[in-house]
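Here is a briefing on one protein model. Take a look at the structure, then work through the points below.

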Amino acid sequence: ANLASQEAMLTGESVPVDKLTTAIEVADGNPQATPLGDRRNMCFSATLVAQGSGTGIAVTTGDNTEIGTINALVSKVKKKKTNVLKQIDTVSKWLALFITITAVATFLIARFRTGMSAIDA
């Protein structure tokens, strides 16, 4: 086979992986137990063919693919605000309050102290 696939998105390998057409020895009869990097006879969705050509069979689609599994795991992660983000939120609220009070005070002074119309104030 002359096929090489860029799998950095899944395995982190920076160089393309040469693909094989031979069967891979499966430990304990569970093909899912074989690490992704050792599955050299399979190409995965979201990876790129770096060289060559080949014919394949889709064995899983959608959320059942390896990238779908990663997506499901990432979507389950709870978003947590760091202390810096909490402090930024607090400062933003106080700043917004200060700006609002200043704008209202400026309007009231311009309207009633100087006698400007509501539109001009």
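Valine 17 is buried, since its relative accessible area is 7%. Valine 17 belongs to strand 2. The model is a predicted one.

- Three strands make up an open sheet in the order 2-1-3, and the pairing is antiparallel.
- Strand 2 and strand 3 are the edge strands, each pairing on one side only.
- Strand 1 and strand 3 run antiparallel and are joined by three bridges.
- Alanine 4 has glutamine 51 of strand 3 opposite it.

**Around valine 17**

- Beyond four places in sequence, valine 17 touches Leu3, Ala4, Ser5, Glu7 and Arg40.
- Glycine 56 is 39 residues from valine 17 in sequence, and the two C-alpha atoms are 16 Å apart.

- Glutamate 7 sits in the loop between strand 1 (4-6) and helix 1 (8-11).
- Is glutamate 7 buried or exposed? Its relative accessibility is 1%, so glutamate 7 counts as buried.
- Residues up to four places away aside, glutamate 7 touches Gly12, Glu13, Val17, Lys19, Met42, Phe44 and Thr47.
- One of these contacts, lysine 19, forms a salt bridge with glutamate 7, with 2.3 Å between the closest N and O atoms.
- Lysine 19 is in the loop between strand 2 (17-18) and strand 3, while glutamate 7 is in the loop between strand 1 and helix 1, so this pair ties together parts 12 residues apart in sequence.
- Both partners, lysine 19 and glutamate 7, are buried.

**Other salt bridges**

- How many salt bridges are there? The count is three.
- Glutamate 66 and arginine 39 form a salt bridge through their side chains, at 3.3 Å from N to O.
- Glutamate 66 lies in helix 2 and arginine 39 in the loop between strand 2 and strand 3, so the pair ties together parts that are 27 residues apart in sequence.
- Arginine 39 has a relative accessible area of 8%, so arginine 39 is buried.
- Lysine 81 and aspartate 89 also meet in a salt bridge, at 2.3 Å from N to O.
- Lysine 81 counts as partly exposed because its relative accessibility is 45%.
- Aspartate 89 is partly exposed too, with a relative accessible area of 28%.

- Helix 3 covers residues 83-113, which is 31 residues.
- From first C-alpha to last, helix 3 reaches 44 Å, close to the 45 Å expected at 1.5 Å a residue.
- Glycine 115 follows helix 3 and has a positive phi, near 75 degrees.
- The charged end of arginine 111 sits over the ring of phenylalanine 112, at 5.6 Å from the ring centre.
- How many aromatic pairs are there? The count is zero.

**Loop residues**

- Alanine 46 lies in the loop between strand 2 and strand 3.
- Alanine 46 is a residue other than glycine with a positive phi, near 70 degrees.
- The relative accessible area of alanine 46 is 41%, so alanine 46 is partly exposed.
- Threonine 65 lies in the loop between strand 3 (48-51) and helix 2 (66-75).
- Threonine 65 has 9% relative accessibility and therefore counts as buried.
- Neighbours within four places in sequence aside, threonine 65 is in contact with Ser45 and Thr60.
- Alanine 58 is found in the loop between strand 3 and helix 2.
- Is alanine 58 buried or exposed? Alanine 58 is exposed, because its relative accessible area is 66%.
- Alanine 58 and methionine 42 are 16 residues apart along the chain, and 9.7 Å separates their C-alpha atoms.

Conventions:
Residues are numbered from 1 along each chain as its sequence is written. This is a predicted model: local features need pLDDT of at least 70, side-chain atom pairs count only at pLDDT 80 or more; totals for chains, interfaces and linings use all residues. Side-chain values use heavy atoms; hydrogens and water are left out. Helices (H or I, at least four residues) and strands (E, at least two) are DSSP runs, numbered from the N terminus. Buried means under 20% relative accessible area, exposed over 50%, partly exposed in between (1.4 Å probe, protein chains only). Contact means heavy atoms within 4.5 Å. The expected span of a helix is 1.5 Å times one less than its number of residues. Rings of Phe, Tyr and Trp (its six-membered ring) pair if their centres lie within 6.5 Å; planes under 30 degrees apart count as stacked, over 60 as edge-to-face and the rest as tilted. A charge sits over a ring if NZ of Lys or CZ of Arg is within 6 Å of the ring centre and within 35 degrees of the ring normal. A salt bridge is a side-chain nitrogen of Lys or Arg within 4 Å of a carboxyl oxygen of Asp or Glu. Two strands pair if DSSP finds at least two bridges between them.
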